[in-house]
Amino acid sequence: MKSTVDKSERRFNNILLLSALFIVVLLLAILLTLLVASIPAIKTFGFTFFWGTTWDVAGEKFGALPFLLGTLITSFIAIFICIPFSISISIFLGEYFKEGAFPTFLRSSIEVLAGIPSVIYGLWGLFLLMPIVRAIEMQLGVTPHGVGILTSSLILAIMIIPFSASIGRDVVTLVPADLKEAAYSLGATRFEVIKNIIIPYARSGIIAGILLSLGRAIGETMAVTMLIGNSNFIPTSIFSPSNTMASVIANEFAEATGITAASLVYVGLVLFFVTTVVNVIGNYVIKKVALEASKEVT
Amino acid sequence: MKDHTAVRMIKDKAFRVIVILLACFSMLPLLLILYYITRNGIAVINWEFLTQLPRPIGETGGGIFNAVIGTGMLIVLSSILSIPFGITAGIYLSEKSEGKIANIVRLCVVVLQGTPSIVIGIVAYIWVVAPFHSFSALSGGVALSIMMLPVIIKATEETLKLMPYHLKEASLALGVPYYKTILKVILPTGLSGILTGILLSVARITGETAPLLFTAFGNQFMNWNLFKPIDSLPYRIFYYAMSPYPEWHTFAWGASFILVVLVLAFNLIARGVAVKWKVQF
Amino acid sequence: MESTVLKVEDFSAYFGDNQILKNINLDTSSNLVTALMGPSGCGKTTLIRCVNRMHELIPGTKVTGKMYLKNDDIYAMQPIVLRRKIGMVFQKPNPFPMMSIYDNVIAGYKLNGIRLKKDEFDNIVERSLKGSALWEEVKDSLYRKGTFLSGGQQQRLCIARALAMNPEILLLDEPTSALDPKSTSAIEELIVELKKTVTMLLVTHNIAQAARVSDFTAFIYLGELIEFGPTEKMFTVPKDKRTEEYLTGKFG
């Protein structure tokens, strides 16, 4: 009877191992698929793809610079807008108001916000944000597209605030109480304790949170697609319609063929690499911060 | 030594006010979004909306029945594809806390989780749509299941890691083989955590649109065939929102209301399961 | 010449509805060590934290009565001004891990926004580290972060940080209970040495430590001050029966 148990045991362990390896194989397959499908484009354009400024479907000449710029500009503006708000929420929930009805309400709201699908943010932005931006543009005498870099950056910022705020709050609560006490006992005000002790101590966690939010923003598709105006030209101002790497794929891939499709997959490959690098670094730092914090508890 | 005390106290109070203001201000988008969805969405929802199919352009009325069913089918399909692999991989990782393979797998999970959904859509297109020369529910299910995997794996690993060692010991001491201990003792005890992970991953993919844009693709009509395009709530919302017809815009709000309710419901149930079904030690 | 540094008058402290301290009265005189001892939960830590008003950082606390720091009403002052005049050393050594040893010593100045010239700071750092008997061991690594120091050294760094502010009184809340015996005796020697220049209030649950280093002792039990007097006298001829029972280990 022992040998049947051994056999079952071995079979069980093999199944576990195979499943685990399946994950690795899956990821490699994804990478390989992207590479192979973009080969026609890589062969034709090589690295000039990255600074090519025209995306010409008819003439079959493709350069991804407009989308690299679109992604970079919208993501950075979004992060820039998001930082003061998410740090405020982090400090609000992690330091000033840790308990109580309102903090619980705020925390739940943040979780609900984080769960709302991107396409719904896009819908809301289309009917409520766009008219506002259009009105601003008319005031300023700019072509009132309503959509473009500004609008999509705004919706991106709204979307990443919940995510970065919850990371920030976790990181702020990890600061050991005895360090804060030491600072108070030396005569510091609460603001000084936050500025000189909490923020520097939580610094790497905060940066990791920003990195992870950046990764989210870069890969964000639907809301951006709906609000960025679908223009394949290099954006000239914050009011220009544009496209990000994600949104150009969303707009064009379904009907693309041949070299167009390969170029879009090439864009997807670049997108994949950028988000992977940002996410892996962010995750690594967060893991280190959590590890250090667990060591403090003696 | 100049005494800056007064200035410092002012800075302290000012900072507190600013933090409170900014934190409260950030609640505004949530309130606005929920308000508009509820206000515009509820107005559209009626029995016809929920049970009828979309009418062609120009005709009024109709509903989103196919989208609701489609979303349901996609959820079932992607769950079937992802749950077995997700749980078993999660068990593997919880058993092997060290080890090169385990760490590589963990890294892959991190990368998978951060991969943009549109990139996964491209891959599903190449794997399932191109060979069959047709958009299909199957390809949508494949894309969504890839997105569910990391969440399920992480939830399983973390839940099982929390299981106290004495539970295993008790079973092993009774002569139960190790693999049976995992299957019959550890796994059932950790069921609530694993179920929570599954529900949360379902909540995540219910609202996903990007990978469906060129896999499931969307369908005016009702479709039960896995190899043909299928409609879904997110896709319909996108399609109607970007259209020029005001009536379709109202439908988009209605569909959004249903979608938000669905996603929130999954999240709440997940939380409920985590709390109510949790085995206490 | 001795003078009263800290005067506690009819002082009570509450946490919610719980009364933790009941009508405490005591004085400490300059250049002496006054020990607060008693069983766990008796209120000695609460008392010492009321002196520099750290107690009020916890919501739900209330105090009545008066405390004077050299004729100034402690509870009438701005807390941040008060805390600059009082130094505190905690049970678990807590140097700031993100700062170098040098910056840790002058942290009190930096945090309070007090700007001095570099050589003034250099003098303060040297003086404080010498005062806490740490100078020789760290003088060549002042700009390194303090995390490589041992527990006992970290605690001496915290003492230096407190001494740097020239406090009128130094509060020590069980400063050696997290340290090994060797570091403990090093700190005790330091306390005896510091007596010449600093007034100290020491909370300890270690009766022998109180006997070794303190000049006056207050025995606190269930929030009340049971007995207060010169250490030697109290330990040899305690006036209250409860004091005697505590000293002979019958409880606590």
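**Figure 1. Contact between chain B and chain A in the predicted model.** Chain B contributes 62 residues to this contact, and chain A contributes 63 residues. On the side of chain B that touches chain A, at least two residues come from each of these helices of chain B: α1 (5–25), α2 (27–44), α4 (65–95), α5 (100–114), α6 (117–132), α9 (178–189), α11 (233–241) and α12 (246–276). The most is given by α1(B), with ten residues. Sorted by class, this side of chain B comprises 49 nonpolar, nine polar and four charged residues.

**Figure 2. Contact between chain C and chain B.** Five residues of chain C and four residues of chain B take part in this contact. The side of chain C that touches chain B holds three nonpolar and two polar residues, with no charged residues.

**Figure 3. Hairpin of strands β1 and β2 in chain C.** Strand β1 (residues 4–15) and strand β2 (residues 18–29) of chain C run antiparallel and are joined by eight bridges. Within this pairing, C:L6 lies opposite C:T28 of β2(C). Two residues separate the strands of the hairpin. In the turn, C:G16 adopts a positive phi of about 65 degrees.

**Figure 4. Pairing of strands β1 and β4 in chain C.** Strand β1(C) also pairs with strand β4 (residues 61–69) of chain C. The sense of this pairing is antiparallel, and eight bridges connect the two strands. Here C:K7 of chain C is placed opposite C:Y68 in β4(C).

Note on methods: Residues are numbered from 1 along each chain as its sequence is written. Chains are lettered from A and ligands numbered from 1 in the order in which they are written. This is a predicted model: local features need pLDDT of at least 70, side-chain atom pairs count only at pLDDT 80 or more; totals for chains, interfaces and linings use all residues. Two strands pair if DSSP finds at least two bridges between them. Helices (H or I, at least four residues) and strands (E, at least two) are DSSP runs, numbered from the N terminus. Two residues are in contact if their C-beta atoms, placed from the backbone, lie within 7 Å. Ala, Val, Leu, Ile, Met, Phe, Trp, Tyr, Cys and Pro count as nonpolar, Asp, Glu, Lys and Arg as charged, and the others, Gly among them, as polar.
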